Amino acid sequence: MVHSININGTTHRVDVDDDTPLLWVLRDNIGLTGTKFGCGVAQCGACTVYMDGQPLRSCSMPVSAIGEAKITTIEALAGKEAQAVQAAWVKHDVPQCGYCQSGQVMSAIALLTEIRKPTDRDIDLAMNGNLCRCATYVRIRAAIHDAARTLEG
Amino acid sequence: MTAHDISLSRRNLLKGTGALVIGLSLPQSGRAQSGAAQAFRPGGAATFAPNAFVRIAADDTVTVLVKHIEFGQGPFTGLATLVAEELDADWGQMRAEHAPADVKLYANLAFGVQGTGGSTAIANSFEQMRKAGATARAMLVQAAAEAWKVPAGEITVEKGVLKHASGKQGRFGEFAEAASKLQAPAEVKLKDPAQFKLIGKEGAVNRLDSPGKSTGKTQFTIDIRTPEMLTVVVARPPRFGGKVASFDATEAKKIKGVVDVQQIGSGVAVYGTGMWPALKGREALKVTWDESGAEKRGSRELIAEYRALARTPGTVAGKHGDAEAVLGKADKVIEAEYVFPYLAHAPMEPLDGYLEWNAQGALARFGSQFQTTEHQTIATILELPPEKVQLETMLAGGSFGRRAQVSQHLAAELAMVGKAIGPNRPVKLVWTREDDLAGGYYRPLFVHRMRGAVKDGKITAWTNSIVGQSFFLGTPFEAMTVKNGIDATMVEGANELPYEVADFRCEVHATKVGVPTLWWRSVGHTHTGYAVECFIDQLLQEAGQDPVAGRLALMGKHPRLVGVLKAVADMAKWNGPGPVDGRARGVAVVESFNSYVAQIAEVSLGAGGEPKVHKVWCAVDCGIAVNPDIIRAQMEGGIGFGLGHILYGELTLDQGRPVQANFDSYRSLRIHEMPEVEVRILPSTEKPSGVGEPGVPPIGPAVANALARLGRGRPLSLPMVGGTV
């Protein structure tokens, strides 16, 4: 059936089965491919988007359950937290293969929006749902701390 | 490694672009192949220049065509650094793109074919890319000299700017067209390393691929979308060696968005308008499998067989003295038997590929790691002449060995999927994580049976019996690694010890099992490094010697191993293994791919007795360090990758069926399990060697050797946590 969903501030009408995960609607129907497929079972975090500002694993959210919620993907990131995180990611050369990094960046921005000056423990809790098979974790941690310092001004 | 001395003697003009292209001298057949490949590009306008490494455009950008696939280890940045160094370019003007598939131009000089692996990207490109940069520089200088009517020798180049004492100056882009009309110099002089401004300099370059990968803009194979493209998933046999007996697609074809279902060589392909319809179609598909020829042994059965085999004579892979005789007379024989499970590579981007084709030609786009053979495979299956098949290498979301396929199975499946639905219907083949983990091509299961003797504080004898599968024996790649019936990748790191032991013997048994296996980041060293470094530690402990001092006393013939071991001991302020305040330290040192890495791990026992690795010190000698920060990143990543698998990784077979289905059961290291890592790169004037793999082998034994000091013993069976075998 046709579903009406709000993605990055625009209403999209997509004709897909009710059980279609948001991830595949984003990627295959709307063409927003910055959000990645890694596992399909909410174990790796590569598909992280925001639903009303909160991180969500889009691979496990059926399109029919989204309703009026506002979805934000990496393509529409804006604001000083996003700028600080992405600048820190580049400065620290965090990515290796880079495939998981959309999800890492989304989770990191959500963390810094919530907690201005996260501790290592805060980072562990906020980021341990995002797998990186290249194990760039040392730099993810360093970049988050660095972004927090930037936001402090 | 022999880096052929290829003279950069041929210039090539990209007509109409005003661009300077530096290419290699190539034979006529190579030109023909390149020309044909360039002429056909069904995906859109051609944007790359074949038979060349360097392209300088009128807009002043310098694009390096990189012959190695970038999936994280940094060849885009590394090879661009080599070019930029000799070109005296500004880092901000550098770009990198994958070179097209063309063996005549882009062969890995260590392999003779185009391909990436064995941590060879920098090593085989070091002179080649520098010469490409130096040649471009010489031609730009000549063009400026002619324009300014001054002697070329009076022109200097710095950060992308050509200058003359008269005050004249200009940028590369201004001279690109003029330079492209000049004859390339037959010989170019490379810089003395003392003049390097980028190579080996901290902070001189940032990775070229970081911005795209930090913003979600980087395009991977899975992101390809073209009009009329179908997404394809394949139902494959649940046991290795199984075949399709029959299938019923009636229900599958009722799913909205399922376009077609076709039997192919590897299973049954379901074609959908998107991933979800394809997956639902596959779910609804009824396949009956013929498992008469399938492998039905499980990990338990294989391990029992391997243990028994390890007690029988094998093929001798290395020996000196008479170790058996010494063991026979020893007062005490020390034994250890290590069991290594199958492991999946599980790159974050699962295997995938894109193909469009018709009678005129084909375009394949995917993370090709062995371009030459994959190109041939696709052409053969599509029954097209190779020059009509174009292969575009895409950035890939990790590999760890998985995309370097001896069997060409992904390229073959991609071609079969495309061929089965017919021409002019683009397809994107995607494996799910379940497909990936159940799909085989694992790091082989291995058993190492070690026996040793110690007398008067000295190690007097050492034997090692290795049992496992070879992924080379019986393949077209056999000549690469098999000598006298021994696959070197099964015994590397174990058939010659860096330690002086008077009587030594190493034997190997190559088993026949129907489970497809493959190299996995650091290949044989994933198991030999663990077995050797755990056993030497155990013998030294038995002999009452310090793990660091004891090793140093036995490795006099290996100065570079000594160098990294001393360096890591210095970094960690080594004062014995401890434990101190509940934390013990373990050390390991391994040479792999001509690079030398020593690590010390500080470990305690955490919740539930799980090992908790707090910190890892790592010293690496990889010859001349081209990009220090990328070397550091590879050590960090190699440690995390190795640690995750040593602690948690196993792919178990139950009656031939893979047990772990996804990341919920194939446990992967997470951020809170990652230790702090400190890396020191040893200064060196030796030729550069690789860093993609050598960070992996030492971490497992370093952790095990620390556990031995925490009363846990060195784990004999991996993984250390939650192993089911």
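Modeller: What follows covers a pair of helices and then a sheet.
This is a predicted model, in which local features need pLDDT of at least 70, side-chain atom pairs count only at pLDDT 80 or more, and totals for chains, interfaces and linings use all residues. Residues are numbered from 1 along each chain as its sequence is written, and chains are lettered from A, with ligands numbered from 1, in the order in which they are written.

Colleague: At what angle do helix 2 and helix 5 of chain A cross?

Modeller: The axes of helix 2 (residues 80–91) and helix 5 (residues 137–152) of chain A cross at roughly 135° and come within 8 Å; axes are lines fitted to C-alpha atoms, for helices over the stretch in contact, with angles from 0 to 180 degrees between N-to-C directions. Helices here are DSSP runs (H or I, at least four residues) and strands likewise (E, at least two), numbered from the N terminus.

Colleague: Which residues of helix 2 of chain A meet helix 5 of chain A?

Modeller: A:Lys80, A:Glu81, A:Ala84, A:Val85, A:Ala88, A:Trp89 and A:Lys91 meet residues of helix 5 of chain A, including A:Asp146 and A:Leu151, where contact means C-beta atoms, placed from the backbone, within 7 Å.

Colleague: Switching to chain B, what is the strand order in the open sheet of seven strands?

Modeller: The order is 11-12-9-19-16-17-18, with mixed pairing, and two strands pair if DSSP finds at least two bridges between them. Strand 11 (258–264) and strand 18 (389–393) of chain B are the edge strands, each pairing on one side only.

Colleague: How do strand 16 and strand 19 of chain B pair?

Modeller: Strand 16 (residues 352–358) and strand 19 (residues 427–430) of chain B are antiparallel, over four bridges, and B:Asp352 has B:Val430 in strand 19 of chain B as its bridge partner.

Colleague: Which strands does helix 11 of chain B lie across?

Modeller: Helix 11 (residues 371–382) of chain B lies across strand 16, strand 17 (361–366) and strand 18 of chain B, running at about 140° to strand 18.

Notes
Two residues are in contact if their C-beta atoms, placed from the backbone, lie within 7 Å.
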